[in-house]
Amino acid sequence: MRAGSARVDRRLPTSIRKNDTVLVITGKERGKTGKVLRILTERGRVIIERLNMVKRSQKGRGPQQPGGVIEKEAAIDLSNVMIMCERCNAPARTGSRRLEDGTRVRVCRRCKEDIDR
Ligand SMILES: [Zn+2]
């Protein structure tokens, strides 16, 4: 029985989740780290805070939102980022382990510490 798992669990080939700190490993932002704001599951991409900024022109929507050029994060392919282990301060491969209550947590394969807190 999978009671209680309300959210859709598409098996992405990644363990990256929202609010993770990730390292970009390829592309123009290579070597930078940032926080995951959003994961675009269907497209296999992530939006990372202040990374891969692009300029977009936006139409004005009244006095509260004047038009102009805004900067916005563009999505980065999931295969181009790696999760950072705060303990190792390095990108990490993750495994998972089951807690006594049955929940899965991600662990860093290098230092064996939990990534989920
Ligand atoms: Zn680690």
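Predicted model: local features only at pLDDT ≥ 70, side-chain atom pairs only at ≥ 80, totals over all residues.

How many helices and how many strands are there in the protein chain? Switch to cartoon view and count: there are 0 helices and 10 strands.

**Stop 1: the whole chain**

Follow the chain along its sequence and you'll read β-β-β-β-β-β-β-β-β-β. Now colour the residues by burial: buried ones make up 16% of the 117 residues in the protein chain. As for contacts between residues at least 6 apart in sequence, 38% join residues at least 24 apart.

**Stop 2: the open sheet**

Next, pick out the open sheet of 6 strands, which pair antiparallel in the order β6-β3-β2-β1-β7-β8. Which strands sit at its edges? They are β6 (76–77) and β8, each of which pairs on one side only.

Zoom in on β1, residues 21–24. On one side, β1 pairs antiparallel with β2 (residues 33–40) over 3 bridges. Select T21 and you'll find its bridge partner in β2, K35. β1 is also joined to β7 by 3 bridges, again antiparallel. To see that pairing, select V24, which stands opposite V81 in β7.

As you look along any of these, remember a handy rule: in a regular strand the side chains alternate between the two faces of the sheet.

**Stop 3**

Is it largely enclosed or largely open? It is largely enclosed by the rest of the structure, because 4 of its 5 residues are buried.

Now show the largest nonpolar core, which has 16 residues. The members touching the most other members are V22, V46, I48, I76 and V81. At least two core residues come from each of β1, β3 (45–48), β7 and β10 (104–108). The biggest giver is β7, with 4 residues. Why might such residues gather like this? In soluble globular proteins, nonpolar side chains tend to be buried together.

Select V81 and leave aside its neighbours within four places in sequence: V81 is in contact with I16, V22, L23, V24, I25, V46 and I76.

**Stop 4**

Move along from β7 to β8. These two strands run antiparallel, joined by 2 bridges, and C85 has A90 in β8 as its bridge partner. Together β7 and β8 form a hairpin with 4 residues between them. In the turn, N89 has a positive phi of about 50 degrees.

Click on C88, in the loop between β7 (81–85) and β8 (90–91). C88 counts as partly exposed because it has 13 C-beta neighbours inside 10 Å. What does C88 touch, not counting residues up to four places away in sequence? The answer is C108, R110 and C111. Draw a line between the C-alpha atoms of C88 and C111: they are 6.9 Å apart in space, with 23 residues of separation in sequence.

**Stop 5**

Most residues other than glycine have a negative phi, and most peptide bonds are trans. With that in mind, select N52, in the loop between β3 and β4 (53–58). N52 isn't a glycine, yet its phi is positive, about 60 degrees. It counts as partly exposed, with 19 C-beta neighbours inside 10 Å.

Finish at K112, in the segment after β10. K112 has a positive phi too, near 65 degrees. Is K112 buried or exposed? It is exposed, with 10 other C-beta atoms within 10 Å.

Technical notes. Residues numbered from 1 in each chain as written. Buried ≥ 20, exposed ≤ 12 C-beta atoms within 10 Å, placed from the backbone. Contact = placed C-beta atoms within 7 Å. Pairing = 2+ DSSP bridges. Core = buried A, V, L, I, M, F, W, Y, C linked by C-beta atoms within 7 Å.
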